[in-house]
Amino acid sequence: MTGSGGLIDAHHHLWDPAHRPQPWLLESGMATLHRAFGVGELTETVAGSGVTGTVLVQVLPDPAETVEFLAVAERTPLVAGVVGWVDLTAGAGAVAEDLARLRSGPGGGKLVGVRHLVQGEADPRWLCRPEVRAGLSAVADAGLVYDLLVLPHQLPAAIETVRALPELRCVLDHLAKPPIASGELEPWAGPLRELAAEPRVSCKLSGLVTEAEWGAWTVDQLRPYAAVALDAFGPGRVLFGSDWPVCLAAASYADVLGAARELTGGLAPTERAAVFGDNARRVYGLPG
């Protein structure tokens with residue numbers, strides 16, 4: 001199922017609130033996650049799962065966090081790539097300089113992408129701002145991927161931006177967080193299919209359990225959303241991601257991986273190998 005290179009978890013995080021405060025973990029229902037999650041626990045968590053590499057994704061809009069994540073990746077073979085953060089509004093030149101600086105530091109060779117917490121922006125058209133698009137052009141010029149973290153109502157701006165920047169390669173995180181808890185497909189599915197029509201966009205089969213009802217979700221509740229994504233993007237542009245440790249609010253790592261395996265059970269072996277590793281290696285340029 002995972003191909004000769006092993007399974008790639010294309011989306012997880014690390015944090016330590018005592019070292020770098022995480023205000024979002026103070027929100028209701030997040031108390032169990034308000035502690036340190038380090039690379040040692042990650043290694044123990046994936047042991048025996050078949051995971052041979054991961055992509056560590058930014059949590060905060062803080063360049064110092066990215067520097068630390070790259071240093072972690074440098075000393076941790078398991079972490080094959082880092083999706084970091086730079087200020088996309090700073091201008092194309094400044095973004096290019098920031099990326100070059102990150103790449104020249106410890107672990108800089110493992111910088112594979114950039115992400116911004118667009119889901120938290122009040123402006124639904126934040127991605128369409130000229131200064132943001134200039135920053136995204138610099139990301140594309142650097143040969144890096146942009147991780148799209150948006151909510152369903154922000155998908156139209158994402159579609160416009162992708163079309164306006166034909167050189168930019170994107171990966172949609174968490175399928176744009178569909179309304180699984182309510183059981184509705186629209187107005188999410190239509191825009192998702194429109195975004196998927198752009199061949200330079202891939203998506204992550206990740207973050208679904210926390211969009212369902214925590215503690216009461218079933219694979220059958222996730223299935224319609226995974227089916228839309230697999231049909232729209234095709235198995236050649238879908239990447240498995242655990243969203244650990246965020247997923248722990250609703251499910252264990254093993255449960256998330258097991259659900260993903262069930263949701264892709266109808267695929268051919270080569271297609272499943274693509275979803276669980278080969279696509280991430282190709283999209284992010286990971287070794288192996």
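**Entry 1: ground rules.** I'm working on a predicted model, where local features need pLDDT of at least 70, side-chain atom pairs count only at pLDDT 80 or more, and totals for chains, interfaces and linings use all residues. I number residues from 1 along each chain as its sequence is written, and side-chain values use heavy atoms, with hydrogens and water left out.

**Entry 2: salt bridges.** I counted a salt bridge when a side-chain nitrogen of Lys or Arg sits within 4 Å of a carboxyl oxygen of Asp or Glu. Searching the whole structure gave me 15 salt bridges.

I looked up Glu41 first. Its partner is Arg35, and the closest N and O atoms are 2.9 Å apart. Glu41 is partly exposed at 25% relative accessible area, and Arg35 is partly exposed too, at 36%.

Next I went to Asp98, which meets Arg101 in a salt bridge of 2.8 Å, N to O. How far apart are Asp98 and Arg101 in helix H3? They are 3 residues apart, so about one helical turn separates them. Asp98 has 22% relative accessibility, so I file Asp98 as partly exposed.

Asp220 and Arg223 also form a salt bridge, with the closest N and O atoms 3.2 Å apart. Both are in helix H7 (residues 219–233), again 3 residues or about one turn of the helix apart. Is Asp220 buried or exposed? At 56% relative accessibility, Asp220 counts as exposed, while Arg223 is partly exposed at 32%.

I also noted a network of salt bridges that links Arg115, Asp147, Asp173 and Lys204.

**Entry 3: the sheet.** My helices (H or I, at least four residues) and strands (E, at least two) are DSSP runs, numbered from the N terminus. Two strands pair if DSSP finds at least two bridges between them. I found 8 strands in an open sheet, ordered S1-S2-S3-S4-S5-S6-S7-S8, with parallel pairing. Which strands stand at the edges? They are S1 (7–12) and S8 (238–240); each has a single partner strand, so one side of each has no neighbour in the sheet. The twist averages 25° from one strand to the next.

I then checked two of the pairings. S2 (residues 51–57) and S3 (residues 79–84) run parallel and are joined by 4 bridges; Val57 has Val83 in S3 as its bridge partner. S4 and S5 are also paired in the parallel sense over 4 bridges, and Gly113 has Val145 in S5 as its bridge partner.

On S5, Val145 and Asp147 point one way and Tyr146 and Leu148 the other, and all are buried. Asp147 is also a member of the salt-bridge network I noted above.

**Entry 4: helix packing.** For angles I used axes that are lines fitted to C-alpha atoms, for helices over the stretch in contact, and the angles run from 0 to 180 degrees between N-to-C directions. The axes of H3 (residues 92–104) and H4 (residues 130–141) come within 8 Å and cross at roughly 40°. Contact here means heavy atoms within 4.5 Å. H3 brings Ala92, Val95, Ala96 and Leu99 to the contact, and H4 brings Ala134, Gly135, Ala138 and Val139.

Entry 5: Most residues other than glycine have a negative phi, and most peptide bonds are trans. I went looking for exceptions.

A cis peptide bond joins Glu186 and Pro187, with omega about 10°; Pro187 is in the loop between S6 and H6 (189–196). The Trp244 to Pro245 bond is cis as well, with omega near 0°, and Pro245 lies in the loop between S8 and H8 (253–263).

Ala176 has a positive phi near 65°. I located Ala176 in the loop between S6 and H6, where it is buried at 0% relative accessible area. Asp243 has a positive phi of about 60° although it is not a glycine. Asp243 is in the loop between S8 and H8 and is buried at 4%.

Conventions. Buried means under 20% relative accessible area, exposed over 50%, partly exposed in between (1.4 Å probe, protein chains only).
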